[in-house]
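Subject: Structure handover

Hello,

Here is the structure I promised to pass on. Please open it first, then read my notes below.

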Amino acid sequence: MRIKKDFVLREVCGENVIMCEGLKAIDFRKILALNESAAWLWKEAQAQGDFTVESLTARLCEEYDVTAEEARSSVADILEKLDKEGVIEK
């Protein structure tokens, strides 16, 4: 999986939001708010370029005190939501 090239993470008024740059940015329905851990996963996914549920799960376990099962569930949930919104490609 990869994050689609037109989407970026920005901090707006203290909130982490994903938005689309360029002409697609006119559609304000594509501004998504992320909590701290989801924003961290977004940044990690960007850093990895091509990522998988497993690669993000491993990094989440390294960074936070969570079990592999908890991390995998969180990663899968966030990626499912991002996929539904059309900001990642498989």
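The largest cavity holds about 60 Å³ of space. This is a predicted model, in which local features need pLDDT of at least 70, side-chain atom pairs count only at pLDDT 80 or more, and totals for chains, interfaces and linings use all residues. Residues are numbered from 1 along each chain as its sequence is written, and side-chain values use heavy atoms, with hydrogens and water left out.

First, the cavity. Rolling a probe the size of a water molecule over the atoms shows where empty space is left. Here a cavity is a set of points, on a 1 Å grid over the protein atoms alone, where a 1.4 Å probe fits but cannot get out. Lining residues have an atom within 4 Å of a point. Grid points are joined across faces, edges and corners, and a volume is the space filled by probe spheres set on the points. The structure holds one cavity of 30 Å³ or more.

Its lining consists of A38, L41, W42, A45, F51, L56, I78, L79, L82 and I88. Two elements, α1 and α3, each give two or more residues to that lining. The largest share, four residues, comes from α1. By class, the lining has ten nonpolar residues, no polar ones and no charged ones. Nonpolar means Ala, Val, Leu, Ile, Met, Phe, Trp, Tyr, Cys and Pro; charged means Asp, Glu, Lys and Arg; the others, Gly among them, are polar.

Next, helix α1. Helices (H or I, at least four residues) and strands (E, at least two) are DSSP runs, numbered from the N terminus. α1 has 13 residues. From first C-alpha to last, α1 reaches 18 Å, close to the 18 Å expected at 1.5 Å a residue. That expected span is 1.5 Å times one less than the number of residues. Buried in α1 are A38, A39, W40, L41, W42, E44 and A45. Buried means under 20% relative accessible area, exposed means over 50%, and partly exposed lies in between (1.4 Å probe, protein chains only).

What do the buried residues of α1 pack against? Their partners are β1 (2-3), β2 (7-12), β3 (15-20), β4 (32-34), α2 (53-63) and α3 (68-84). Contact here means heavy atoms within 4.5 Å. After α1 comes G49, with a positive phi near 75°.

S37 also sits in α1 (residues 36-48). S37 counts as partly exposed because its relative accessibility is 32%. Its side chain makes a polar contact with the side chain of N35, at 3.2 Å. A polar contact is a pair of N or O atoms within 3.5 Å; within protein, one must be able to donate a hydrogen and the other to accept it, and residues adjacent in sequence count only if both atoms are side-chain atoms. S37 and L60 are 23 residues apart along the chain, with their C-alpha atoms 8.9 Å apart.

Now the other helices. T57 lies in α2. Is T57 buried or exposed? T57 is buried, because its relative accessible area is 9%. Not counting residues up to four places away in sequence, T57 touches A68, A71, R72 and V75.

D83 belongs to α3. At 33% relative accessibility, D83 is partly exposed. Leaving aside neighbours within four places in sequence, D83 is in contact with I88 and K90.

Best wishes

Notes: 1 Å grid on protein atoms, 1.4 Å probe; cavity = no way out; pocket = protein on both sides within 12 Å on 5 of 7 lines; lining within 4 Å.
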